[in-house]
Amino acid sequence: MKPILNIALPKGRLGEKVYAMFERAGFGCPSILEESRKLIFENEEAGVRYFWVKPSDVAIYVERGAADVGVAGKDILLEYAPDVYELLDLKLGKCSMCVAAKKGFTDDRNRTLTVATKFTNIAKAHYAAEGRDIDIVHLNGSIEIAPILGLSDVIVDIVETGTTLKENDLEVVERFVPISARLIANKSGFKFKTERIEKLRESLAGLVEEL
Amino acid sequence: MDNILAIMSAEERAAFSLCALYERAGYQKYRMSKFEEYALYVQNKDFLVSENVITFTDTDGKLLALKPDVTLSIIKNTRVKNGVMKVYYKENVYRVSKGTRSFRELMQAGLECLGEVTAETVIEVLSLAKKSLDHICPENLLEISHLDIVSGVLSAFHIGEEARAEILVHLGEKNESAVRAVALREGLSAEQAALICRLVTLYGAPEKVLPALKELAVTPEIAAAVAELCAIVEGLAALGIKDRLIIDFSVVNDMNYYNGIAFKGFVEGVPAGILSGGEYDGLLKKMQKKERGIGFAVYMDELSRLEQMKGEA
C-alpha cells in the first residue's frame with residue numbers, strides 16, 4: 001500500500017482551484033466534492049488525505065508535519081518564514097504586495113511613517129531595506145479604512161485588482177513583491193515520501209505550463 | 001535495570017544510549033559549567049540558532065549566560081596540543097522556541113572533534129551520526145552536503161554578496177525558480193543559471209548524484225570538493241554505511257562559520273531535522289584558533305513525539 005500523502009489546502013475559492021489541479025495531476029479524492037461540513041477527506045486507493053484549513057494556517061500544518069505538502073500564498077510564506085521547502089509556483093491567486101495610501105499622498109521623510117498592515121514582518125523588512133523609520137499598526141482586516149480614519153499614513157496589503165482601494169479613495173503607491181500560490185512541503189516528509197511528492201510536483205508543473 | 005529503563009522518558013533513554021555509543025567509539029565525556037560569559041555569544045551571535053540568551057550578573061559583576069549552545073564553550077575552553085581531541089556531551093541548552101517566543105530548556109547530545117581533522121575523522125563523525133539515528137529510529141535518513149561545492153559554484157560565476165545570501169536561502173527552500181530568477185538578475189546566461197539550479201535539483205542517493213556532480217565541477221576547487229565528497233561516501237560504504245544516505249545541497253549552514261561537509265539527520269514522524277552538524281573551520285578561525293573542527297548535535301526534545309506516535313500505533 002502506498003503511504004498516505006497528507007495534503008493541506010486553503011479553504012475557499014483558491015483552494016477549490018488548487019484541488020482541481022491536484023485532481024488533474026492524478027491525486028483525486030472524489031469525496032471532497034460532496035456537499036458537507038467535513039474537513040478531512042481520504043482516498044485510500046490513491047493514497048491521499050486532504051484537509052481544508054484556514055489559508056494562513058497551511059504553512060503551520062506543513063511546517064509541523066501534520067501535512068506533508070500544502071498550498072500557501074507567498075504572502076504567508078514571507079510573513080511567517082516557515083521552515084519548509086517551496087517546490088513550485090502554481091501561478092494561481094496572483095496579486096502583489098503593495099503600499100497604498102489616500103490619493104495624492106506624499107511621504108514626508110522628516111517624520112515617522114505609520115503603516116497599517118496584517119503583514120507586520122513583510123512591512124518591517126520592506127521599510128528597513130529603505131532605511132525608513134516606521135511605526136506599525138497591526139490590524140486583522142479592513143486595512144483600507146486605516147488611512148481614511150487617520151489611523152495610519154499608508155497600508156501594506158495584498159492587492160489583486162485594486163477595486164477595493166479605488167472604492168475607498170486609495171491608490172497604490174508601490175508594488176513590491178509579486179504574490180501567488182506555492183506548493184510547499186515539510187522537510188522531513190519530503191525525505192520519506194520523495195517519489196510521491198516529486199511526482200505531484202512534476203504533474204503540477206506540467207499543468208502550470210499549460211496555464 | 002529494566003525497571004530503571006522503563007521509568008525513563010524516550011529522550012532520556014535515547015540520550016543515554018547515544019552517550020554509550022560515543023564512549024565506545026573512544027570519545028571522552030566533556031563536562032562543562034552551567035554558565036558561560038555572555039561575551040562569548042555576543043561575538044558569535046550568528047552561529048547561534050536563536051539570538052536570545054538568558055543573562056544574569058554574577059556576584060563580581062560579570063555578565064553571565066545560561067548556555068544556548070555547547071559547541072562554542074567546547075571550542076573556547078579547550079586547547080588541543082596534537083592530534084585530534086574527541087569529546088561528547090549531553091547538556092541542557094536554553095533557547096527561544098519559535099511557537100511560544102519564550103525560553104525553553106532543551107536537551108542536546110552530541111560530539112566534537114577538534115585538531116587535525118582528516119578525511120578519516122570526517123568519515124568517523126558521519127558514521128557516528130548515522131549510528132545515532134539508527135539508535136533513535138530505524139526509519140531514518142542522513143543527508144550530506146559539501147558547502148565548498150555550493151560556494152565554489154557561486155564564486156565561479158562571481159555572484160555578489162547579497163545575491164549569494166538570497167540564493168542560499170532559496171537553495172535551503174529547494175526553490176528552483178527563485179534561484180534561477182536571482183541568477184538571471186545577476187546577469188548570468190540561461191545556461192549558467194541552469195547550472196546553479198542543478199544545486200537544487202540534484203539530490204538523492206549517492207550512486208545517482210555523485211556521477212552527475214562532474215558537470216558542476218567547473219573549477220579545480222569544485223572538482224577537489226567533489227572528489228572529497230566521493231571519497232567520504234566510499235569511506236562510509238567501507239564501514240557498511242550505504243543505505244539511507246542522501247546527497248542534498250539544500251543543507252545550508254552559515255558559510256561564515258561552516259565549510260566542507262555539512263549534514264542533517266531526519267527520522268520518520270518527526271517534522272524537523274533532529275541531528276545537525278558539519279565542519280566549522282571558519283568559526284575556529286574567528287575565535288583565533290588554528291585547529292580544524294567537526295561535530296554534530298542531536299536535539300532530544302523532538303523525540304517525545306516519536307514515543308507518542310509509537311504509542312498510538
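Chain B holds an open sheet of nine strands in the order E1-E5-E6-E12-E11-E10-E7-E9-E8, with mixed pairing. Strand E1 (28-29) and strand E8 (203-204) of chain B are the edge strands, each pairing on one side only. Helices (H or I, at least four residues) and strands (E, at least two) are DSSP runs, numbered from the N terminus, and two strands pair if DSSP finds at least two bridges between them.

This is a predicted model, in which local features need pLDDT of at least 70 and side-chain atom pairs count only at pLDDT 80 or more, while totals for chains, interfaces and linings use all residues. Residues are numbered from 1 along each chain as its sequence is written, and chains are lettered from A and ligands numbered from 1 in the order in which they are written.

**Inside the sheet of chain B**

Let us look at one pair of strands. Strand E6 (residues 103-115) of chain B runs antiparallel to strand E12 (residues 292-299) of chain B, and eight bridges join them. Gly110(B) has Ala297(B) of E12(B) opposite. Helix H2 (residues 10-24) of chain B packs on the sheet and touches strand E5 (84-96), E6 and E12 of chain B. The direction of H2 makes about 10 degrees with that of E6(B). Here, residues are in contact if their C-beta atoms, placed from the backbone, lie within 7 Å.

The table sets out the two pairs. Axes are lines fitted to C-alpha atoms, for helices over the stretch in contact, and angles run from 0 to 180 degrees between N-to-C directions.

| Helix pair | Axes | Angle |
|---|---|---|
| H5 (residues 119-136) and H11 (residues 220-238) of chain B | within 9 Å | roughly 55 degrees |
| H7 (residues 161-172) and H8 (residues 176-185) of chain B | 8 Å apart | about 165 degrees |

That angle makes H7(B) roughly antiparallel to H8(B). H5(B) and H11(B) are therefore oblique to each other. Angles under 35 degrees count as roughly parallel, over 145 as roughly antiparallel, 65 to 115 as roughly perpendicular and the rest as oblique.

By class, the contact of H5(B) with H11(B) has seven nonpolar, two polar and no charged residues. In these classes, Ala, Val, Leu, Ile, Met, Phe, Trp, Tyr, Cys and Pro count as nonpolar, Asp, Glu, Lys and Arg as charged, and the others, Gly among them, as polar.

In the second pair, Ala163(B), Glu166(B), Ile167(B), His170(B) and Leu171(B) in H7(B) meet Ala178(B), Val179(B) and Val182(B) in H8(B). This contact of H7(B) with H8(B) has six nonpolar, one polar and one charged residues.

Chain A has eight helices and eleven strands. Its C-alpha atoms fill a box of roughly 65 × 35 × 30 Å along the principal axes. Strand E2 (residues 40-43) and strand E3 (residues 48-53) of chain A pair in the antiparallel sense over four bridges, and Ile40(A) stands opposite Phe51(A) in E3(A). Four residues lie between the strands of this hairpin, where Gly47(A) takes a positive phi near 70 degrees.

Of the 211 residues of chain A, 39% count as buried (20 or more other C-beta atoms within 10 Å of the residue's own). Lys199(A) lies in helix H8 (residues 194-210) of chain A.

Finally, the two chains touch: the contact takes twelve residues from chain B and 13 residues from chain A. The side of chain B that touches chain A divides into six nonpolar, three polar and three charged residues.

Terms used
Buried ≥ 20, exposed ≤ 12 C-beta atoms within 10 Å, placed from the backbone.
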